[in-house]
Structures are given as structure tokens and as C-alpha cells.
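Here are my notes on this one, written for someone new to reading structures. Have a look at the picture, then go through the points in order.

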Amino acid sequence: MKYKNWWVILGFTLILGLVIFSCSKPDEPTYDKSHPDPNPTGLAAPKVDSLSPSEGYLKDVIKIYGSGFNSTPEYNMVSFGKNAGKILSASTSELTVQTPNIAGQTVPVKVSVKGSEYWSQGMPFVFKNTLAVLDSEIVWPNGVAVDDAGNVYVGSADEGVIYKITPDGNKSEFASVPVSGSIKFGPGHYLYVCEQGEGQIERISPDGSTVELVTSVSSPVAFDWDQNGNMYIIENESGIDRLDPSGTLTYMADVSTAKCCRVFGNYLYVTRIWDGVISRFEITSSGLGDEEEIMTDLDSPLGIEFDEDGTMYYTLAWNYSIYTLAPDGSEETLYEDELIDPAESPIHYMCFHGKIMYMVHPSWADVGFTQSAYIGVEQAPNYGLNF
């Protein structure tokens with residue numbers, strides 16, 4: 001009898017528990033007119049009517065016109081083929097989008113919105129070709145620079161000549177100078193030139209008629225200016241010098257494997273090719289601060305440049321891509337395996353002008369290449385042009 005009572009009590013307890021459980025608040029919320037679902041489904045697909053423009057380059061800003069878009073930018077997604085565009089602003093009928101890194105392809109542009117399981121129909125967008133070979137005849141090309149008119153200057157270490165290439169492709173001799181290293185426009189819009197063999201840096205007047213000595217220094221290979229007009233010079237396999245506006249030369253740092261440099265903001269950035277390091281020095285009133293390594297374990301970093309947003313662009317000597325490091329630490333590869341094969345020679349010299357990167361492949365005393373690549377972002381300031 002006692003066992004029968006036990007089962008009755010147990011059964012009553014289970015039933016009571018089920019009743020209490022069924023009356024408790026459900027785990028899943030209940031949605032109604034007063035409590036709408038924040039992630040609704042079942043919306044119709046958006047519709048794309050047109051693109052403006054319908055062709056362009058990577059990182060261009062375009063408009064997408066249509067209907068059914070979400071006015072909250074992050075509630076839309078735009079695909080360019082297999083790549084996503086960056087939505088800058090949105091309304092129900094218009095999206096402003098930055099195009100992704102694509103070149104030389106026609107891809108469908110589609111839009112998806114939060115709450116719909118479907119994409120819009122595709123609308124074609126033509127990505128123009130963004131790579132060009134400007135010259136493949138200069139022997140042992142060294143250095144590359146671009147003036148305000150878009151003329152490209154490249155030195156021939158073999159001939160002791162600097163050539164000028166106009167935007168329409170005409171090439172002529174600009175000056176007879178034994179260039180061997182970087183060249184760059186600086187104060188007075190003079191073209192400054194490294195001459196490693198002669199142990200000096202010279203400058204050439206804007207019309208190419210005069211050549212003047214700037215300073216004598218052991219094996220100069222690269223240089224740049226800070227915002228106060230100081231020139232920082234990389235001595236090949238030795239270190240860094242500073243030439244102040246008064247002409248005083250001061251040894252700043254012992255960096256034995258530095259090859260290229262670029263000043264951005266208040267820092268001097270340096271590529272140390274054989275150490276696999278990109279580092280920087282803070283520019284102070286008394287000179288340079290301690291070296292800070294910002295990228296390590298790289299495979300022979302060589303060329304280096306910056307855009308106006310602070311993104312760093314660099315090349316690896318035996319690779320044929322452009323690599324980037326953004327201020328937030330994110331990395332990206334541009335033109336992956338699309339540049340001229342470095343079996344010919346490393347991509348040594350780089351010059352950023354407008355939204356185009358210019359690069360030189362020296363080719364070890366043989367015929368080299370000068371190439372351009374559209375980047376889509378303006379270059380960082382050349383502080384030397386302020387003086």
C-alpha cells in the first residue's frame with residue numbers, strides 16, 4: 001500500500017511541475033505589432049535600376065539606384081562578383097558604394113538587404129585595366145619620380161642619363177647625371193638624385209639645364225624630407241644621416257641593412273631588406289628616437305610608400321604583388337602575382353603620385369622595366385615640396 005501512495009505522490013509532483021513550467025515565461029520572445037521582430041524575414045528582393053558610373057577603377061565611389069534598399073547602410077550588402085563593396089551611405093532608393101580591389105574584369109553588381117533571402121538582379125560593372133608598362137628599354141633603371149604635370153622620370157645607371165616620359169608615352173633625355181639610387185622631387189621642385197658611386201646627392205633644375213651638388217655622403221641610396229625641411233639619407237649598408245636646411249650633415253642611426261625610406265607624419269619609415277623588417281623612427285627636435293619594428297619576418301622588404309590615409313604600401317624583393325598595412329593594423333595584398341615577374345629583378349623603387357603607384361625593376365645592369373599600378377587613393381604629402 002505504501003508503494004502505491006508513493007507513486008501517486010510522484011505522479012502528482014510531475015504533473016505540478018509541468019503546469020508550472022508551461023506557465024513560465026518562454027525562452028523565445030513573442031513578437032506582435034507592439035513588439036516587432038528585429039530580424040524579420042520574407043521581404044522582397046531589392047531592385048537595381050542603374051549604376052553611375054557603370055565602369056571605373058578599384059576604390060572608386062559609385063552610386064547604385066533602385067528600390068527596396070535599407071536606409072541604414074549596414075543593413076545592405078553589395079557584391080561585385082565575389083567581392084564586397086564598402087557602403088558609404090544609403091537611402092531606400094540610392095546606395096553610395098566604394099568599389100573593391102578588382103581590375104580588368106566585368107562583374108555583376110547585386111544588392112541584398114536585411115530581411116530578404118534573395119539578391120537583386122545583377123547589373124554589369126566594368127573594372128578598367130589598372131596596370132601598365134611605361135618603359136621596357138632603359139638599361140639598369142634606377143629611381144622613379146613624377147612631376148606635377150604627370151611626367152615620369154627614370155634614371156639609367158648604365159648610361160648616366162635621366163629620362164623623361166610624358167603622359168602620352170614620349171621619352172626624351174632630361175639630364176646627364178650618373179644616377180644610382182632613388183630620385184625624388186624636393187625643395188624648389190628640383191629633382192634630387194642619389195649617386196652612390198660618386199658618394200653624393202645632386203639636384204637638377206626643373207628645366208634640366210643645371211646640376212648642383214647638395215651634399216657628399218657615403219653611398220647614398222634613398223632619402224626623404226620631414227615637415228621641417230630636414231632631409232634623411234640612407235647610406236647603403238651603413239646608416240641614416242640628416243641634412244638640415246642649413247646644410248649641416250649629422251649621422252643619426254646605425255641601420256646596416258636599410259635600403260629605402262619614407263617620411264609620413266612624424267616618423268621616418270625604413271625597409272631593412274636582409275633583416276626582413278620594416279621599422280620606424282620618431283622624428284624629434286633633436287633627431288631620431290629609438291627604432292621601433294612595426295613588421296617582422298618579411299621576405300626581403302624593399303620599396304615603401306604611403307597614401308594620404310596613412311596606409312603603408314611595400315614590396316618584397318622577390319615577389320610580384322603590392323602589400324599594404326593600414327593604420328588599424330589590417331593587411332591586404334593588391335595585384336596579387338600580377339606585377340612583372342621578379343625573376344627579371346626585384347621591385348626596388350616606388351613613387352606614389354595622384355592615385356597611381358610607379359615602380360622600377362632595375363634588372364641588374366640589363367634592360368629593366370618601369371610599371372604603373374592604379375591604387376585609387378591619393379598619395380601622402382611630399383614634405384620636400386613645401387620648401
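1. Of the chain's 387 residues, 49% count as buried, meaning under 20% relative accessible area with a 1.4 Å probe, protein chains only. Keep in mind that this is a predicted model, where local features need pLDDT of at least 70, side-chain atom pairs count only at pLDDT 80 or more, and totals for chains, interfaces and linings use all residues. Residues are numbered from 1 along each chain as its sequence is written, and side-chain values use heavy atoms, leaving out hydrogens and water.

2. The chain has 33 strands and 1 helix. These are DSSP runs numbered from the N terminus: helices are H or I with at least four residues, strands are E with at least two.

3. Now the largest nonpolar core, which has 18 residues. Such a core is a set of buried Ala, Val, Leu, Ile, Met, Phe, Trp, Tyr and Cys residues joined through side-chain atoms within 4.5 Å. Ile64, Val78, Phe80, Leu95 and Val111 touch the most other members. Strand 8 gives the largest share, 4 residues.

4. There are 13 aromatic pairs in the structure. Rings of Phe, Tyr and Trp (its six-membered ring) pair if their centres lie within 6.5 Å; planes under 30 degrees apart are stacked, over 60 edge-to-face, the rest tilted. Phe80 and Phe127 pair edge-to-face, 6.0 Å centre to centre with 65° between the planes. Phe80 is in strand 4 and Phe127 in strand 9, so this pair ties together parts 47 residues apart in sequence. Both Phe80 and Phe127 are buried.

How values were computed:
Buried < 20%, exposed > 50% of the residue type's maximum accessible area, 1.4 Å probe, protein only.
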